[in-house]
Amino acid sequence: MATGSIRVDGNTLLLGEGVHVRFIRTLRLPESGTHALPPNMGEFPLRRVEDYPDTVPGEWLAKGGVMLPVYLREAMWLSFGGTREPAALQVGVGKVCAVSGERWSGRLARDPQNYVVLPRQPWLDGINSGDGTVRQFVAVPLGLGATVEGQVTGEETTGGVQLQAFPLGPQALERWREAERARLLPPPPPAPGGGGLYGGPPAPPGGFGGFGGYGAQAPMRAAAPAAPGAAAPAAPAAAPAMGLGVGGSMRQEVYRDDRALSAWAPEPAARVFVHLVTPPAWRRITGEEPPPSPVDRAAYTRAGLPWFDYYDESGHDLPPPGTLGQVKPVGDWLGDDHTPWTPPTPHQITPLGPHPRPGEPVRDGDW
């Protein structure tokens, strides 16, 4: 894997020639019921593991990649905004596919589909639970059996998040680019007299390139107000291992790929391991303060701040994978969630529709 194929630009992870991934802090949902999309509470900071060779555990250096700080039971979602050209992105949680529930694979598969299609998929908030829903990503320590990894494989040895991006193959990519160039040409002048089928205004762009299509920029969920309000690095030490379990259910489709599997390149353009770090370990490793603890969700809703609902009528939701459908929420291991819950009123739910500078390269490793 070429080291130049993964970069960090601010808090954005750049994979290959154009896949953008950001890790977004958000409100943790109740583990009962199905909810609207929670808000953007700011980005998780990203740091390259190789920049801290004296303070990160040796096994992290071997895996390479990046790291981010996360609190126990904190929720997150992955934003793909800024991705322009089509890509197939595999998302692993402890090397279990968040889309298919199968063990991590270095190859794309269709039955069941083990990737999301960008930029058609604007974000991913959790594991695919089918029927237009996902179960929220929630951070938990390894060793309790609460992670998706532990429940699906029976062991917890990996943790973290794994990403692998495949571009279109050369011929399919050139066809897509030709279609995009044709779509972006200025419309012909109206026929004399105007009006009617041939003289009226041009139709709005659609299909692969326009609003709702594969060339459209992913919509952005508005950022919410941040929650109110460093020790010197120590010698390398073992850090608490963190992984992702699941929380509440929300309305979000994971879209079926409508291209032939052969359209995608046989080899990935980039892959990366994302280490999840507890706040105390983050301070020790980086010398930086982690972000403040997550916002109270009831206070957020009582303040009248927005939740979101996303719908793309041209997309088709993937069916629920059997393994992921059996994953239990983290509350079954960590105890009931007693955080108050105030459901948002209908006027607080904002409907959304489908509508960079490189940094230093990130070193991949053996995982």
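Guide: Happy to! Let us begin with Arg48, which touches Val8, Gly65, Val66, Met67, Glu360, Pro361 and Val362, leaving aside residues up to four places away in sequence. Please keep in mind that this is a predicted model.

Visitor: In which strand is the place of Arg48, and is Arg48 buried or exposed?

Guide: Arg48 lies in strand 5, which covers residues 47-48. Its relative accessibility is 14%. Buried means under 20%, so Arg48 counts as buried.

Visitor: Which residue forms a salt bridge with Arg48, and how far apart are the closest N and O atoms?

Guide: The two side chains are joined by a polar contact of 2.6 Å. A salt bridge needs a distance within 4 Å between a side-chain nitrogen of Lys or Arg and a carboxyl oxygen of Asp or Glu. The partner of Arg48 is Asp51, with the closest N and O atoms 2.6 Å apart.

Visitor: How does Asp51 compare with Arg48 in burial: is Asp51 buried or partly exposed?

Guide: Arg48 is buried, at 14% relative accessible area. Asp51 has a relative accessible area of 41%. That value falls between the 20% and 50% limits, so Asp51 is partly exposed.

Visitor: How many salt bridges does a search of the whole structure find?

Guide: Side chains of opposite charge can pair when their charged atoms come close. One example is Arg47 with Glu288, where the closest N and O atoms are 3.0 Å apart. For the whole structure, the search finds 13 salt bridges.

Visitor: Are Arg47 and Glu288 buried or partly exposed?

Guide: Arg47 has a relative accessibility of 23%. Glu288 has a relative accessible area of 23%. Buried requires under 20%, so Arg47 is partly exposed and Glu288 is partly exposed.

Visitor: What is the N to O distance in the salt bridge where the side chains of Glu174 and Arg181 meet?

Guide: Glu174 is partly exposed at 32% relative accessibility. Arg181 is partly exposed too, with a relative accessible area of 47%. Their side chains meet in a salt bridge with an N to O distance of 2.8 Å.

Visitor: On to the nonpolar side chains. Of the residues in the largest nonpolar core, which touch the most other members?

Guide: Nonpolar side chains tend to be buried together in soluble globular proteins. The largest nonpolar core here has 52 residues. Those that touch the most other members are Leu13, Leu15, Val21, Phe23, Leu89 and Leu163.

Visitor: Which residues does Leu13 touch, not counting those up to four places away in sequence?

Guide: Leu13 is one of the core members that touch the most others. Beyond four places in sequence, its contacts are Ile6, Arg7, Val8, Val19, His20, Val21, Phe23, Leu46, Val66, Leu163, Val272 and Val274.

Visitor: How many residues are in the second, separate core?

Guide: Among its members are Ala88, Tyr115, Val117 and Phe166. This second core is separate and has eleven residues.

Visitor: How many aromatic pairs does a search of the whole structure find, and what kind is the one between Trp77 and Trp123?

Guide: The search finds four aromatic pairs. Trp77 and Trp123 have ring centres 5.8 Å apart and planes at 75°. Planes over 60 degrees apart count as edge-to-face, so the Trp77 and Trp123 pair is edge-to-face.

Visitor: How many residues apart are Trp77 and Trp123?

Guide: Trp77 belongs to strand 7 (residues 75-79), and Trp123 to strand 10 (residues 123-124). Trp77 is buried at 1% relative accessible area, and Trp123 is buried at 1%. The pair links distant parts of the chain, 46 residues apart.

Visitor: Which residues do ring pairs link into a cluster?

Guide: The rings of Phe273 and Trp367 are edge-to-face, with centres 5.6 Å apart and planes at 75°. Both Phe273 and Trp367 are buried. The cluster linked by ring pairs is Trp104, Phe273 and Trp367.

Visitor: The charged end of which residue sits over the ring of Tyr255?

Guide: At Phe44, the charged end of Arg25 sits over the ring, 5.8 Å from its centre. Over the ring of Tyr255, at 5.4 Å from the centre, sits the charged end of Arg120.

Methods:
Residues are numbered from 1 along each chain as its sequence is written. This is a predicted model: local features need pLDDT of at least 70, side-chain atom pairs count only at pLDDT 80 or more; totals for chains, interfaces and linings use all residues. Side-chain values use heavy atoms; hydrogens and water are left out. A nonpolar core is a set of buried Ala, Val, Leu, Ile, Met, Phe, Trp, Tyr and Cys residues joined through side-chain atoms within 4.5 Å. Buried means under 20% relative accessible area, exposed over 50%, partly exposed in between (1.4 Å probe, protein chains only). Contact means heavy atoms within 4.5 Å. Rings of Phe, Tyr and Trp (its six-membered ring) pair if their centres lie within 6.5 Å; planes under 30 degrees apart count as stacked, over 60 as edge-to-face and the rest as tilted. Helices (H or I, at least four residues) and strands (E, at least two) are DSSP runs, numbered from the N terminus. A charge sits over a ring if NZ of Lys or CZ of Arg is within 6 Å of the ring centre and within 35 degrees of the ring normal. A polar contact is a pair of N or O atoms within 3.5 Å; within protein, one must be able to donate a hydrogen and the other to accept it, and residues adjacent in sequence count only if both atoms are side-chain atoms.
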